[in-house]
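Student: I have this one open in the viewer now. Could we go through it together, beginning with the overall picture?

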Amino acid sequence: MDFRISADDRVGSGPEKPGKGRKAPAAKGQRVEPSMGSGLGSLSDSDRSGDGPKGKAPKASRRGKAQPAKGKRPRRSRSGGFLMGVLWWGFVGCLWVGIGVIGIIVYYGAQLPASNTWAIPERPPNIRILAADGTLISNRGQTGGEAVTYRELPYYVPAAFISSEDRRFMSHFGVDPIGLLSVAIESVQARGVTRGASTITQQVAKNLFLTPDQTLGRKVQEAILAVWLEQNYTKEEILELYMNRVYFGAGATGIEAAAQTYFGVSARNLSLGQAAMLVGLLPAPSAYNPKTNPEKAIERQRIVLNLMAQEGYITKEEAAAAQIDPNQSVRTRVAGSESYVADWVESLMTAYIGEIDSDVVVQTTIDYKMQKDAEFIVKEQVATEGPKRGFTQGALVAMDVDGKVRAMVGGVDYAASQYNRAVTAKRQPGSTFKPFVYLAAMEKGYTPDTLAEDAKFDYNGWSPRNASGKYAGTVTLRQGLAYSLNTIAARLAIDVTPQAVIDVATRMGISSPLEAVPSIALGTQEVNLLELTSAYAPFGNGGIGVIPNVITSIQSKDGKVLYQASDAGPGRVIAPNVLAEMDDMLETAVEVGTGKRASVGGWDFGGKTGTSQEAKDALFVGFTSAMVAGVWLGNDDATKTTLSGGNVPAVIWSEFMTKAHAGKTIAPIPGGSYNGELVAQQVIDPNTGQVSIDPATGQPMVQYVDAGTGQIVPTALDPNTGQVVRIDPATGLPMAGATPIQSAPVAVQPDNGLTTGGAIIDANGQQIDPTTGLPVGQIVQDQAIDPVTGLTLQPQTNGVGQAPIDADTGLPMVLVVDPATGQQVWVPSAPAQTQPQQIQPPANIDQPVQQEKPRTLMDMIFGG
């Protein structure tokens with residue numbers, strides 16, 4: 001609509017004249033209709049002239065200068081109104097956002113359990129394993145290290161965490177709004193998420209209570225729990241929780257585990273540079289692992305040190321001094337052979353004390369120096385001789401002759417393979433099993449001078465052969481064992497029966513299942529190196545069976561004793577006269593036989609070599625009066641080698657045993673004697689000739705006889721210890737200072753509701769009956785067990801029966817009736833003249849062709 005102003009409308013024009021298109025003024029009292037023209041462009045004469053009451057002429061207005069209308073408000077600035085609008089709507093928007101945030105918090109917070117049920121979960125228990133001298137061997141458990149307190153650590157360790165992970169940790173309330181805003185701005189500028197915004201408290205909340213899901217709900221709950229933590233725990237406590245629960249990679253959870261894993265030191269002794277490097281790997285433990293990525297680890301260390309300097313925890317000079325030169329290698333801890341020991345100890349824990357619900361400290365029998373010596377010797381020989389002879393692995397076990405394990409090497413490189421070839425692996429022992437065959441023969445009545453035929457034979461389709469392919473004809477059993485003649489061992493096993501061999505081996509300490517077949521004589525059935533080595537201990541300790549033991553005690557962190565080892569064991573397993581014969585033969589084997597390369601610097605020793613088929617396994621097991629050790633070499637895939645038990649294994653054994661015996665007083669191998677020992681006998685009713693039954697217990701009555709005098713010794717059961725003790729005939733009371741006759745293992749029971757009964761646990765974690773030395777539940781059919789010695793009482797054969805052995809003559813004692821008391825007692829018998837025996841060949845054996853010309857034993861064996 002177009003509006004124009006005419007000349008009549010201008011200021012100062014004459015009175016308006018009615019004309020076409022214009023309406024006349026309305027009469028008085030008549031309604032006036034508004035019109036567009038009159039509303040916008042028309043003014044009355046009185047309005048123009050401004051006539052006042054006195055009728056004065058109006059002043060002429062100056063042209064070109066506008067005057068504001070009277071009674072109208074001035075217009076606002078357009079920019080000011082816009083700003084107010086922005087502020088208003090911003091306030092409204094923030095209000096709605098706040099309401100929405102509160103709603104989200106309430107929604108996800110309602111999904112959490114009631115706050116009065118929130119509690120810090122227990123940290124998984126740690127097993128701290130120590131050597132005999134207190135040196136830390138390793139930490140085991142889910143975390144790999146024990147918890148440490150905030151105040152145990154150097155000041156720069158927690159400072160490194162704060163500087164790198166949450167520099168406003170000491171001032172925020174669990175959530176860091178400034179940090180959130182900073183990350184948001186960085187992310188917008190970078191058009192992507194640059195870094196996390198979680199505080200240390202939030203990370204603790206996530207690690208303790210939540211799953212690692214990256215969802216809105218989880219982040220909201222994390223913030224809620226972080227605020228709760230801040231309200232209920234001090235900053236030191238929260239930081240301590242974080243340092244002990246955060247994951248550092250390589251199986252290490254917590255600062256102590258990380259310090260031990262990467263640097264082999266306690267977190268209490270970390271240097272500034274080490275602390276910075278550990279904190280530096282937290283964002284990506286695998287990528288910044290100093291063992292696998294030292295360059296990245298060094299770069300992260302520099303970043304953390306610089307942040308610490310910026311925050312004022314250290315000076316720039318200290319940061320520079322702690323940094324590692326890029327060209328310098330990072331010195332990290334390498335897991336050694338002691339880790340095999342730690343794995344073995346950990347596997348035994350449940351058998352000893354049941355389930356572990358808190359930190360424990362395990363004291364072991366390991367001699368740390370011997371352990372490192374053994375590791376070095378095995379590694380060196382495998383590295384130098386392995387490529388020449390085709391083998392890649394080795395294992396070693398060494399223990400005192402009482403069964404305390406002093407060193408164990410389960411392989412050449414624990415980091416590359418954690419498979420324990422000393423405990424877990426079962427391999428053919430070869431000829432190292434033959435002493436048990438010969439022991440069974442000696443117990444049957446044969447002697448080292450008994451003659452046997454070294455020749456080919458066939459027994460029900462089985463044809464044993466000597467490894468050399470040569471046969472010596474008639475030899476003594478001493479020579480047969482010394483030169484490891486397979487045919488002699490096979491003839492003996494057939495003669496004494498394979499089951500008798502198994503019984504002897506089990507009694508000596510072999511706990512692996514064995515099958516009663518003639519080939520058992522050649523060591524074709526698999527055993528582990530630990531049990532094989534322990535089975536040789538009786539040869540060096542006077543004939544007493546042992547249970548290999550690596551744990552001395554187990555205590556809780558506060559010092560409560562949960563387990564204490566005892567000296568209980570199977571007791572005597574070899575009669576003194578038989579022991580003397582076995583030691584004689586085993587000493588010959590290392591003097592002139594297959595083990596002649598072995599030596600122990602002036603000590604008397606015995607031992608036996610062993611080589612399995614195709615030389616897949618090569619072993620040497622030997623003993624002195626102080627220690628017994630066994631060595632195995634071969635390949636994990638059982639491929640053949642050019643080894644034999646008499647070469648590299650004997651060299652390793654000699655080097656180790658020489659170092660292990662340094663500083664010890666040389667002592668001869670004990671021959672064993674019954675002098676001073678009490679022999680248990682069942683009481684025989686003289687009227688019936690049958691065993692007397694105790695009416696109180698319903699068990700056979702047992703009496704104890706002095707083996708030296710044959711006299712009955714008064715005894716009683718001590719109610720306090722459960723041990724049988726001697727009674728002083730004069731007082732009727734236990735003799736003061738007397739050694740108990742029969743000991744039972746003692747174990748302090750943990751408060752876990754489990755009952756272990758103080759049982760002895762063998763190398764495979766199997767419970768052993770301390771009376772018989774056999775696995776619990778194993779029954780020896782048709783054989784009686786001596787309750788003191790654990791020996792199987794054999795039927796009387798070749799002059800050796802159930803009677804105790806006379807310590808002076810080595811012959812069975814005779815049971816007679818004491819005329820003074822009317823009781824049966826054992827008395828020494830007169831020596832009998834015996835002639836050398838000769839083993840009769842088994843039936844259906846092809847007899848060898850006799851040599852026409854006599855030759856020496858060395859000629860016959862080695863082709864001279």
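Student: How much of the protein chain counts as buried?
Tutor: Bearing in mind that this is a predicted model, 45% of the 864 residues of the protein chain count as buried. The accessible surface of the chain comes to about 44500 Å², and carbon and sulfur atoms account for 54% of that area.

Student: And how many helices and strands does the chain have?
Tutor: There are 22 helices and 25 strands in the protein chain. As for the contacts with a separation of 6 or more, 66% of them are between residues 24 or more positions apart.

Student: Let's take the sheet with β4 in it. In what order do its strands come?
Tutor: It is an open sheet of 5 strands, ordered β5-β4-β14-β13-β12, with antiparallel pairing. The edge strands, each of which pairs on one side only, are β5 (405-409) and β12 (606-611), and from one strand to the next the twist averages 5°.

Student: How many bridges join β4 to β5?
Tutor: Strand β4, residues 393-400, is joined to β5 by 4 bridges, the two strands running antiparallel.

Student: Switching to side chains, how many aromatic pairs does the structure hold?
Tutor: It holds 13 aromatic pairs. One of them is formed by Phe433 and Phe436, an edge-to-face pair with 5.1 Å centre to centre and 80° between the planes, and both of these residues are buried. Another edge-to-face pair is that of Tyr536 and Phe539, at 5.7 Å centre to centre with 85° between the planes.

Student: Why are Tyr536 and Phe539 separated by about one helical turn?
Tutor: Because they are 3 residues apart in helix α19, which covers residues 529-541.

Student: Which residues do ring pairs link into a cluster?
Tutor: The cluster linked by ring pairs consists of Phe433, Phe436, Tyr536, Phe539 and Phe623.

Student: One last thing, what lies over the face of Phe169?
Tutor: Lys235 does, at 4.6 Å from the ring centre of Phe169.

How values were computed. Residues are numbered from 1 along each chain as its sequence is written. This is a predicted model: local features need pLDDT of at least 70, side-chain atom pairs count only at pLDDT 80 or more; totals for chains, interfaces and linings use all residues. Side-chain values use heavy atoms; hydrogens and water are left out. Two strands pair if DSSP finds at least two bridges between them. Axes are lines fitted to C-alpha atoms, for helices over the stretch in contact, and angles run from 0 to 180 degrees between N-to-C directions. Buried means under 20% relative accessible area, exposed over 50%, partly exposed in between (1.4 Å probe, protein chains only). Contact means heavy atoms within 4.5 Å. Accessible areas come from the Shrake-Rupley method with a 1.4 Å probe; for residues, only the protein chains shown count as cover. Rings of Phe, Tyr and Trp (its six-membered ring) pair if their centres lie within 6.5 Å; planes under 30 degrees apart count as stacked, over 60 as edge-to-face and the rest as tilted. A charge sits over a ring if NZ of Lys or CZ of Arg is within 6 Å of the ring centre and within 35 degrees of the ring normal.
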